[in-house]
Amino acid sequence: MVNVNQKPTNDIGFTHDDFAALLDKYDYHFSPGDIVPGTVFSLEPRGALIDIGAKTAAYIPIQEMSINRVDNPEEVLQSNETREFYILSDENEEGQLTLSIRRIEYMRAWERVRQLQTEDATVRSGVFATNRGGALVRIEGLRGFIPGSHISTRKPKEDLVGEELPLKFLEVDEERNRLVLSHRRALVERKMNRLEVGEVVIGTVRGIKPYGAFIDIGGVSGLLHISEISHEHIDTPHSVFNVNDELKVMIIDLDAERGRISLSTKQLEPEPGDMIKNRDAVFDKAEEMAAKFREQLLAKEQGITPEAAPAEEVPAATEEATAEEAPAATEEATEEATEEATAEATTEEATVVAEEAAPTEEAPAAVEEATPEAQAEPEAQAEPEAQAEPEAQAEPEAQNETQEEVAAAVEE
């Protein structure tokens with residue numbers, strides 16, 4: 001039986017527009033530069049489809065899958081794998097976003113390289129190619145360049161391909177995409193730990209330039225500048241050296257930051273110009289001259305000036321002369337006074353008085369005894385001089401008194 005009182009129900013409709021509005025309500029808005037999680041749900045020959053929660057699956061091309069070369073997507077991605085992706089560009093006409101893993105690795109590689117540079121770390125990397133200017137390596141996946149002037153090896157550059165080298169950072173510039181490294185600086189730093197300024201080493205001339213010669217000292221290159229070859233003027237280093245010449249050089253500067261070793265033969269010359277006239281003499285006395293150089297360097301660091309010593313000796317010499325002259329003058333004055341006293345003492349009483357006055361002649365002897373002491377103590381010569389002068393003056397006065405007594409005795 002049909003219930004006539006039952007009210008008809010209204011059909012609840014869910015149209016396509018309603019569904020689109022609902023999607024828009026809960027849709028995420030993605031912008032280029034965002035890093036979002038995504039899941040791989042389809043691998044294709046030259047890329048992969050990634051679900052990141054957008055209306056349409058995003059796409060990552062094979063060239064964006066890694067900072068390194070990739071030949072097959074399966075080398076990097078696996079089905080149902082979830083990881084981070086970088087949104088590379090806006091939706092295309094089909095509403096599909098383009099993704100990248102390479103860009104994430106790129107950013108993190110530069111961050112890591114900057115950290116290594118800050119720590120002044122030494123890294124190792126294999127040479128994968130060479131060109132006219134130098135060699136190419138990879139650091140944290142980034143392509144780095146080693147200038148030819150910073151490759152410290154006897155091998156031709158072409159033979160370095162496949163060889164692993166220790167490297168130091170010279171320039172890290174993400175904005176200009178410049179990563180420059182130095183093989184020479186890495187070797188110099190390691191070598192510098194065993195070298196010191198003032199040390200004499202044996203080296204071999206590896207190259208000659210108008211401004212100087214490059215000397216190989218145990219696998220690293222140092223510069224012997226033209227101004228440090230000899231005290232005499234040199235027009236060109238070619239007039240003094242030939243390539244493969246073996247010579248002794250002294251280290252005068254170590255610059256670890258710039259990877260440079262400065263050398264000198266001028267400081268080893270016993271006589272100015274010996275590097276040109278008598279090179280063997282320079283090498284024979286190299287260690288002796290280097291020792292003098294180190295002493296001068298140490299004195300300079302301690303603030304000692306070698307010119308100060310002779311200046312102090314001048315007053316001492318003057319004092320010695322004064323001290324020697326004062327007793328001599330005293331002795332001469334004493335002898336003259338004695339002769340006069342003897343001439344005037346013509347009577348026996350005068351002779352007696354003169355004999356009684358004889359002890360006064362001991363004063364010059366006392367002065368003579370003081371003179372060796374004054375000479376034995378040059379540092380205290382000012383005081384003996386001061387004492388000698390009063391004694392020299394006192395003796396003539398004593399002689400005058402003696403003469404007066406003799407004259408009085410004669411009159412009596």
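Predicted model: local features only at pLDDT ≥ 70, side-chain atom pairs only at ≥ 80, totals over all residues.
Side chains of opposite charge can pair when their charged atoms come close. The structure contains 14 salt bridges, and a few of them are described here.

Start with Arg 108 and Glu 84. These residues form a salt bridge in which the closest N and O atoms are 2.9 Å apart. The pair links distant parts of the chain, with Arg 108 in helix 2 (residues 102–118) and Glu 84 in strand 4 (residues 82–89), 24 residues apart. Glu 84 has a relative accessible area of 39%, so it counts as partly exposed.

Helix 2 also holds Arg 114. The partner of Arg 114 is Glu 174, and the closest N and O atoms of this salt bridge are 2.7 Å apart. Here too the pair links distant parts of the chain: Glu 174 sits in the loop between strand 9 (164–173) and strand 10 (178–182), 60 residues apart from Arg 114. How exposed are the two side chains of this pair? Glu 174 is partly exposed at a relative accessible area of 30%, and Arg 114 is partly exposed at 36%.

Another salt bridge joins the side chains of Lys 155 and Glu 163, at 3.0 Å from N to O. Lys 155 has a relative accessible area of 42% and is therefore partly exposed. Glu 163, with a value of 25%, is partly exposed as well; a residue is called buried under 20%.

Salt bridges can also be followed through a group of residues. Which residues are linked in a network of salt bridges? Asp 120, Lys 168, Arg 185 and Glu 189 are linked in this way.

The backbone is the next topic. Most residues other than glycine have a negative phi. With a relative accessible area of 62%, Asn 80 is exposed.

Where does Asn 244 lie? Its place is the loop between strand 13 (220–225) and strand 14 (246–255). Asn 244 counts as exposed because its relative accessibility is 52% and the cut-off for exposed is over 50%.

Key:
Residues numbered from 1 in each chain as written. Heavy atoms only, no water. Salt bridge = Lys/Arg side-chain N within 4 Å of Asp/Glu carboxyl O. Helix = DSSP H or I, 4+ residues; strand = E, 2+ residues; numbered from the N terminus. Buried < 20%, exposed > 50% of the residue type's maximum accessible area, 1.4 Å probe, protein only.
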